[in-house]
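Hi,

Here's the structure I promised to pass on. My notes on it follow below.

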Amino acid sequence: MDPLILDDIRIALDGAPLLGIDTVIAPGDVLTVMGPSGVGKSTLLAYIAGFLSPAFQARGRVLLGSRELTRLPAEARRVGLLFQDPLLFPHLSVGGNLAFGMAASGSRRQRRQRVAAALAEIGLEGFADRDPATLSGGQRSRVALMRVLLSSPRAMLLDEPFSKLDAALRGEMRQLVFQRIRQEGLPALMVTHDAADAEAAGGAVIELEP
Amino acid sequence: MPSGHAVGVRLAPWLAIALLSLPVASGLAGVIAPAFGWLPALGGNALTLVHWQALLQAPGLGRMVQLSYVTGLASALLSLSIVVLFLGAFMHTRLFTAVRRLLSPLLAVPHAAAAIGLAFLLAPSGLLSRSLSPWLTGWQYPPDILFPGDPHGLALIAGLVIKEVPFLLLMSLAALPQCQASERLCMARALGYGPLSAFLKAVLPGLYPLLRLPIYAVIAFASSTVDVALILGPTTPPTLSVAVLRWLNDPDLTMRFMASAGALLQLVVTLAALASWWLAERLVRQLMRGWLENGRRRSGDMLLGGVALSAVSLSVLLILGSLIGLILWSLAAYWPFPQALPQPPTLRNWMGAAAGLGDPLFQAAVIGLAATALSIVLVVGALEAETLHERPIRPGAQLILYLPLLVPPVAFLFGLVMMQVQLGVAPGLSVVILGHAIFVLPYVFLSLAESYRRLDPRWAHLARSLGAGPARVFWRMRLPMLSVPLLTAAAVGFAVSIGQYLPTLLLGAGRISTITTEAVSLASGGDRRLTAVYALWQLALPALGFALALGLPRLLFRRRSGLLTPV
């Protein structure tokens, strides 16, 4: 895996500077970005993932190793996203959600086997045909994580990923997410309000200031 | 090579704008020339004012103009008052939730069917007077009152109001969250204002601007309606729009010049009604400024709340009574006054009508499905373009959307017919379908836009980051996730198309008959039994559409329950 390089990024809104960042995230590391609301944390994620609204002006480059992402469309960047909501597509089954992000290669049987194996990994054997609306909160979060991993991302962006979970689940999900990130050697950037998130991630912390 | 999705997204907004504005613009152009004597196909080669002179000498013209102007403004004012009072008195109550559920089916009732039902309910020998006679009224024979068709157009106004109240209510429901109505209301209540005063002083000033275009559409429709006026309006003289239609259908083809002038005059009358409303708006705003800030917390809340409740119940009762009247008449054989129920009920009317019904129902369904499909494609394309470019819709585009609802159809459709004549275009099914789509598209857009825009952008971001391109996101994520609102929008569009009378009549040159044109022409005849059967069938088509739109998702997505609750 390659490091995620944020090369002198500056984002402005209507000409007024909003934030600047210049850093390198090594594979398997989680960089935590903290700061009060409105400071532009989510804007930074949007820029890296390729969804910056035209209202913003941004310069600086995003690279994965030597591959520059800045000019690529979002679907070609291979940057995985985890939000505070699991956002499982309601029109697809649990298995369909996992398959949505998988590369189109392989026979139907092979794809089904990969989905089944992935579900077993997160303790949800036999859940492939279930309606996502029938899952518990913790189960949904795990499916959402597995959906990102199955799309073979090269980096991860976490947007307050644990803020909507209750305390017991939160610890469990933190452990699972950071363990998988290290295991896959993905460079990751997490935006959060919660200092405990940063502590659990164990990586560097950047405070954005208004 | 660009994908089909990319091309579609680029083209759809322009095609939608063209469909909305070109017919209106060219229709108006097409009515101006003959009004001043120029229509070579009918031998008009010189510009002249004689047709205007003829129009001005038409008997009863002043009365016709007055009728159109007054019914337009009066029905809009009544409908708006009922809606405002109802929202003010009941916004945070259980009744509100109940009415909310009734709205879509109420809106689906075609204008003609509602008007026929109302006529059967309120006529001297109608259901209402039967159920009160003779024990209360003492009438052994129907009283000699001209109603519907009273010279002041009261029946016409009532018929318009019962159809416009659900429309304005629906538009308000979409607008309320946009102006943070709930928050405003809670704030004012916390400051000690009674429910209705809180609504009038804190919510209405923010709500009204969002309702302005729908209200203007109501005024334009009411001042120029043809089908409702044919059924409920006075006859000697009729409203201006009905008179224009009569002149157009006159066997003497030279009457078409005068009809063109009349159609232009209709446009002027509608514009005058709109301008009067606009002036009144300014005046009210000036007068209300002090009242808004005077600190009075309860201005007749109890009284106005009572008025609101009775007005809304009356509207609902009128619609229900109309429906019951239609059903009873369709089952009646010999039904002498003052019997309240036909005895014995018979299915003979239904059997007798069956042979003639097949073709008009089929035509209406084909036209409705085609016009709805065309509108859905264009609307979804336009909304997808808006979503991809993250650009909010411009105020100008909003106006174009309302263009066919603001310009009286009798004026521009009439011009289109004139152009058809001049260019030798054969009237036929495809022209009628396009004509319907002009009116279907705005409603489909209004019905779908909120859901399309409110879909959380994170869904698309997520799908893109999982490797799906814009086309795949559209086909595999956005469309399936919006299937419930899409089906509802289709049902609304289909209902609007079924309700169309004038476009079918004019653009089909009388050769295409749908259930609606048949029902309206039967209504002016004397056979109530047959008319009731046709009106009920006219009502059944859109009702079937809504039943499918509500039922299909519950069947198809019973294992995808997340789709059935709004995201």
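B:R464 makes a salt bridge with A:E75, with the closest N and O atoms 2.6 Å apart; the term means a side-chain nitrogen of Lys or Arg within 4 Å of a carboxyl oxygen of Asp or Glu. By that rule, two salt bridges cross the interface of chain A and chain B.

Before the rest, some housekeeping: this is a predicted model, where local features need pLDDT of at least 70 and side-chain atom pairs count only at pLDDT 80 or more, while totals for chains, interfaces and linings use all residues. Residues are numbered from 1 along each chain as its sequence is written, chains are lettered from A and ligands numbered from 1 in the order in which they are written, and side-chain values use heavy atoms, leaving out hydrogens and water.

Back to the interface: 27 residues of chain A are in contact (heavy atoms within 4.5 Å) with 24 residues of chain B. Together the two chains bury about 2400 Å², 63% of it on carbon and sulfur atoms; that is accessible area (1.4 Å probe) lost on being put together, summed over both. A:E75 turns up again here: with A:H91 and A:F100 it supplies 28% of the area that chain A buries against chain B, more than any other three residues.

There's also a sheet in chain A, open and antiparallel, with four strands in the order β2-β1-β4-β5. Strands are DSSP runs (E, at least two residues), numbered from the N terminus, and two of them pair if DSSP finds at least two bridges between them. β2 (16–25) and β5 (67–68) of chain A are at the edges with a single partner strand each, so one side of each has no neighbour in the sheet.

Cheers
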